[in-house]
Each structure stands twice: as C-alpha cells, then as structure tokens.
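Okay, thanks everyone, let me get going.

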Amino acid sequence: MRTFAKRTPHISNVSAQKMIETSTFFLQLFLAVLVGSTLIYYLRKKCVRNAEAERLEEQTAFGNDLVTQIATYLERGLVIAFRHRDYCGVGLELK
C-alpha cells in the first residue's frame, strides 16, 4: 500500500523571516502595553492612597506634634488652665 505525504506549502526564507519579525513586533507591543497598563494602575492606586491620607489629615483637628507636646506637658505634672474672675476656668490636668 502506498502512502502519500501531505504537501505543505513551501515557505521561503524571506517570508519566514517576515513572519518572525511580525510576531516579534506584536509580542513586544503586547509586553509594552502590559507594562504600561500595570504602571498606570499602580500610579493611580498610589494617587488615591495619597489623596485619602491628605483628606484624613485635613479632617484632623490638631496635628500629632501639638498633641504630643500637650501630653508631655501634662505628664510632667503641669496644668493647662484658663481662669477668669467672673466665671470658673477651663483646663486640662493629668491625675
């Protein structure tokens, strides 16, 4: 019994080289888009986190430095108070 081999179209070296160049180009293009998209995603995420931190900082009535100074002052046994002769005073004291 005789078997016949399938005939495949002949591809010249020039057309094979063009196919390789084309596929390499599309691979590089895909990788560039992937890297660019990933970079944009992380930059946006970072910007959102920074905006949220700034918003939270704006909502804080007093800064951490002031609060730390007051706490240190009170821990030393000192009193922060305001008194007036016409009404009782308001103040802070750590007991």
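Let me start with a question: leaving aside its neighbours within four places in sequence, which residues is A81 in contact with? With that exclusion, A81 touches V90 and G91, where contact means heavy atoms within 4.5 Å.

Before I go on, a word on where this comes from. It's a predicted model, where local features need pLDDT of at least 70 and side-chain atom pairs count only at pLDDT 80 or more, while totals for chains, interfaces and linings use all residues. Residues are numbered from 1 along each chain as its sequence is written, and side-chain values use heavy atoms, with hydrogens and water left out.

Back to A81, then. You'll find A81 in strand β1, residues 80-84. Is A81 buried, partly exposed or exposed? A81 counts as partly exposed, because its relative accessibility is 43%; buried means under 20% relative accessible area, exposed means over 50%, and partly exposed is in between, with a 1.4 Å probe and protein chains only.

Now zoom out. We have two helices and two strands in the chain, and the order along the sequence is α-α-β-β. Those are DSSP runs numbered from the N terminus: helices are H or I with at least four residues, strands are E with at least two.

Take helix α2, residues 64-75: twelve residues, reaching 16 Å from first C-alpha to last, close to the 16 Å expected. That expected span is 1.5 Å times one less than the number of residues. Just after α2, G77 has a positive phi of about 90°.

What about the surface? Of the 95 residues in the chain, 1% count as buried. The chain exposes about 9700 Å², and 61% of that is supplied by carbon and sulfur atoms; that's Shrake-Rupley with a 1.4 Å probe.

Last thing, the aromatics. There are two aromatic pairs in the structure. In the F25 and F26 pair, the ring centres are 5.4 Å apart and the planes are at 65°, so that's edge-to-face. For Y41 and Y42 the centres are 5.1 Å apart with planes at 75°, so this pair is edge-to-face too. The rule here is ring centres of Phe, Tyr or Trp (its six-membered ring) within 6.5 Å, with planes under 30 degrees apart stacked, over 60 edge-to-face and the rest tilted.

And how covered are these rings? F25 is partly exposed at 45%, Y41 is partly exposed at 48%, and Y42 is partly exposed at 49%.
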